[in-house]
Amino acid sequence: MSQFSFESDVSRLLKLDAPISSGPQPRWQRKAASANTSTVGSLGMPAPPGAHNSSNNNSSMSVSPMKGTSRTNSTSRTPGRTPTSKCQNTPGAKGKSSPAVCAQTPGRAPRTPHGKFCDRFIPVRNSKNMEVASYLVSREETASPLKEKQAAMMHLLSGVDVEKARILRYQGPAPPVPEGYSNTQKVLYSQQGYTPLSLLKKKRHIPTQPERVLDAPAVRNDFYLNPLDWSVDNVVCVALGQFGTYLWDAETGNVTQHMKMEGQDYPSSVSWVPTGGNIIAIGTSFKTVQIWDVERNKCLRNMQGHSGRVSSLSWNGHLLSSGSRSGQIHHHDVRMVQHHVATLSGHSQEVCGLAWSPGGRLLASGSNDNNLLVWANGTTSSAPLHSLQQHTAAVKALAWCPWQASLLASGGGTNDHHIRLWNINTGICFNAVDAKSQVCSVLWSSEHKELLSAHGYAKNQLTLWAYPAMVPIAELLGHTERVLQVVASPDGSSVMSVGADESLRLWRCFQGDESRKKKKQQQLGGTNTGRLSQNCLR
């Protein structure tokens, strides 16, 4: 190859994007020139300057050298047909091969050739400096390290608390609710006049201060004793150590001494007959159980049989159960001369808690051996129905639920300080809550689904729990030493507590809805009146 041809080839390679001015024209340039010529001619407008220059410089190449003469300037149309935008000279016929010319509607701008046989658009890149632009972009990316980007971002965010601006947090707790904030957006629908039930329900007022405080001198600070009870006749009996037992009439407020012990003996437990009639059972430290007629102030029976002090008592109709320091439980039928009818020997240490279920079918007993036993009525052997051993301290606090027969609550001593709820049908503890202190007594409310517990060190408080969530809803403070026992009034609205600080405190923590009580009384009164009238008519 000659030097001249080599140089021309090199210049041609360097200018691939430029139009070829010497030699035969490429096919795509010939098509473009013919299309521009035909389009401008059909519209009756002069051709653009570029088109004329191309045709003048290459006049010898205006006709295709392949086959015959080109029909690019043909404007013949088939008579009776409407001109369309489709190409009329499609090279599908035999012996015909000419550039496609798109027919255009007169008066409209020319359209870009399209379709299956139209050429693609090739941009001219020699004037764009693509290599320089690519280099500049890559240099900008490599010249900006991560630290510089972070510094620029922090400069933009200066003065903005990023933690508060974050939408999603993956670490740390949620921010606390501002003081005094209340969410009023609790409605599901925005209908006018609609009030959600949560806003209609009013919270019950629970007084946290005692209504009355009475002195209880010489009361024994002994966790295992049960020195307090409230009768159905609205009389409170409390055991005051060497001073014997005293009675307080809740209706009149009168205080009288009932009985007095001699020497070093003392009353260790008291329990009223649940059916009324001014009969009370008193367990003593000299191993006996006494039955007293309070109205006549006379001891009716003095029942023996225990080998230790009687620290717990519980009635079931005419049957009286007593638990002693020896760990035995005796059943006494007070109607019979031979009162002792059965002995339960499941505990190894002092029985400090006894409670018959409301229906009289089951007896729960707690002991200093950390065991909670459930006995079936009529059991005379040493095999209890359930032996519950989850507590890790003495079990004194026992209470059967008045509105759910199979529910039993129990509380453990200092080393346990747990309140446990039991399903006695299955013997399973389905809930346990840590009270953080010694549990001395528990009491269910008959008006509400609530449980009251009495505690020792460190607060010496009474805690009110909501059932079944067992969430504390109130704390009753006032005692300066541990609360030994709590009992409920006959109507279930009040509670009396006795503490080792030698005081009795009256709390109105179980008060119900007065309007509901009145409505219920009216319904009962109307029913009774109707029955009386029917009886009179008969």
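Tutor: Begin with a definition: a nonpolar core is a set of buried Ala, Val, Leu, Ile, Met, Phe, Trp, Tyr and Cys residues joined through side-chain atoms within 4.5 Å. Buried here means under 20% relative accessible area. Note that this is a predicted model.

Student: Why look for such sets at all?

Tutor: In soluble globular proteins, nonpolar side chains tend to be buried together.

Student: How many residues has the largest nonpolar core here?

Tutor: The largest nonpolar core has 16 residues. Among those with the most contacts inside it are Ile419, Leu421, Val442 and Trp444. At least two core residues come from each of β18 (395–400), β19 (407–412), β20 (418–423) and β22 (439–444). The largest share, three residues, is supplied by β22.

Student: Which residues does leucine 421 touch?

Tutor: Leaving out residues up to four places away in sequence, leucine 421 touches residues including Leu407, Ile428, Phe430, Trp444, Leu451 and Met470. There is also a second, separate core of 15 residues, which includes Leu228, Val238, Leu484 and Leu504.

Student: Now the sheet. In what order do the four strands of the open sheet lie?

Tutor: The order is β6-β7-β8-β9, with antiparallel pairing. β6 (267–272) and β9 (298–303) are at the edges; each has a single partner strand, so one side of each lacks a neighbour in the sheet. From one strand to the next, the twist averages 25°.

Student: How many bridges join β8 to β9?

Tutor: Five bridges join β8 (residues 289–293) to β9, and the two run antiparallel. Isoleucine 291, for example, has arginine 301 in β9 as its bridge partner.

How values were computed
Residues numbered from 1 in each chain as written. Predicted model: local features only at pLDDT ≥ 70, side-chain atom pairs only at ≥ 80, totals over all residues. Heavy atoms only, no water. Buried < 20%, exposed > 50% of the residue type's maximum accessible area, 1.4 Å probe, protein only. Contact = heavy atoms within 4.5 Å. Pairing = 2+ DSSP bridges. Axes fitted to C-alpha atoms, helices over the stretch in contact; angles between N-to-C directions.
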